[in-house]
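Subject: Structure handover

Hello,

Please open it before you read on; my notes follow below.

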Amino acid sequence: MNELIPAFDWHRVMVAPWTEDLALFGWIGLMGFLVTAACGLVGNYLILRRMALMGDAVSHSVLPGLVIAFLVSGSRGTWPMFLGALAAGVVTTLLIEAIHRRTRVKQDAAIGIAFSTLFAIGVLLTSIYSQQIDLDAECVLYGEIAFVPLEPFVEWGAAVLGPVSLVRMAGVLMFVVIIIVAFYKELLVASFDDGLSRAMGINPAWVHHGLMALLSIVVVSAFEAVGAILVIAMLILPGATASLLTQRLSRMHFIAVGHAALSAWWGVSLGVWLDCSIGAAMVVMGAVLFSLVWAFTSWSSRRSGRRTAINAGEMKHESA
């Protein structure tokens, strides 16, 4: 057993990454927090709209957008990749709606058809133009957050802001927060009731497409860190955990950010302990947090139900 699981050294796992090796793991942990927080804030709306699979769809279907953007621009620069992913995300949304509304196919089946088809097109394009495309398929799928400290650092005057992808992810998180604050009412109403939204002069279709565009931006920004597969978990786990604890959207956002901080912190420690992928370790710790909250809320619900039954029994006994 000891050969399979390394011995747990408290100082090496819990202390050294944040003291002696802070210059390395500090950037990794901060990047994990930024990715999970941005994904969690957008993911809250996917949970409310019962569209968790939409994150899966967009995260896979942006691949052809990335490939076409590279073929057209000949660059892996930020803007071509963003625009390619954004266009692919919008096309995915329109395709899912077209299949769902104009056929008898249910929405979950429409999502499966759209994302698997677009992802297959992306794989085909990558294979056909493999001599011209400088895209690492493994990086797109799995990412590598441990490479973040090795990237060129962004400087602003005499200040060092951090690795370039971390600064970009910080900008994306700030953009997500600004959008949520600016359009909080529109996003809230359109997520719960389309009829009320129209009565209030809010077009739910525009809100939906705007949210999908924001989702595409977050997903493609997270590719380099955690890849297309793990980003799905980061979109869903914070919101799913928050929804177990509260039904108020504003509180869900704060809980999702707290979930992101704990996932990043514990994920780095788990990755150091087991010497494994830190991105995957963050997702595992996010799932552990969800499981703990699930167990707590189930225990609390049963205890509350038992207490209610006892009180009802006592009242019946006294009245008799």
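Does L46 count as buried or exposed? L46 counts as buried, because its relative accessibility is 0% and the cut-off for buried is under 20%. Keep in mind that this is a predicted model.

More on L46. Helix α2, residues 22–48, holds it. Its C-alpha atom is separated by 8.3 Å from that of L235. Along the chain, L46 and L235 are 189 residues apart.

Overall layout

The chain has 320 residues, and 43% of them count as buried. It contains 12 helices and two strands. Read from the N terminus, the order of elements is α-α-α-α-α-α-β-β-α-α-α-α-α-α. Along the principal axes, the C-alpha atoms fill a box of roughly 85 × 60 × 45 Å.

Nonpolar patch

Two helices, α3 (52–73) and α5 (107–128), each supply at least two of its residues. The most comes from α3, which gives three residues.

How accessible is Y129? Its relative accessibility is 32%, so Y129 counts as partly exposed. That value also clears the patch cut-off, because patch residues need over 30% relative accessible area.

Positive patch

R302, R303, R306 and R307 form it. R307 lies in helix α12, which spans residues 278–319. With a relative accessible area of 47%, R307 is partly exposed.

Cysteines

How many disulfides does the structure hold? The number is zero. A disulfide would need a pair of cysteine sulfur atoms within 2.5 Å. Two cysteines are worth a look for their surroundings. C39 is buried, at a relative accessible area of 0%. C276 is partly exposed, at 37%.

Where to look

For a quick pass in your viewer, begin with L46 and L235, with their C-alpha atoms 8.3 Å apart. Finish with the positive patch, R307 among its members.

Best wishes

Conventions: Residues numbered from 1 in each chain as written. Predicted model: local features only at pLDDT ≥ 70, side-chain atom pairs only at ≥ 80, totals over all residues. Heavy atoms only, no water. Buried < 20%, exposed > 50% of the residue type's maximum accessible area, 1.4 Å probe, protein only. Patch = residues over 30% accessible without salt bridge, like charges linked within 9 Å, V, L, I, M, F, W, Y side chains within 5 Å. Areas by Shrake-Rupley, 256 points an atom, 1.4 Å probe, with all protein chains shown as cover. Salt bridge = Lys/Arg side-chain N within 4 Å of Asp/Glu carboxyl O. Lys, Arg positive; Asp, Glu negative; His and termini not counted. Charge placed at Lys NZ, Arg CZ, Asp CG, Glu CD. Helix = DSSP H or I, 4+ residues; strand = E, 2+ residues; numbered from the N terminus.
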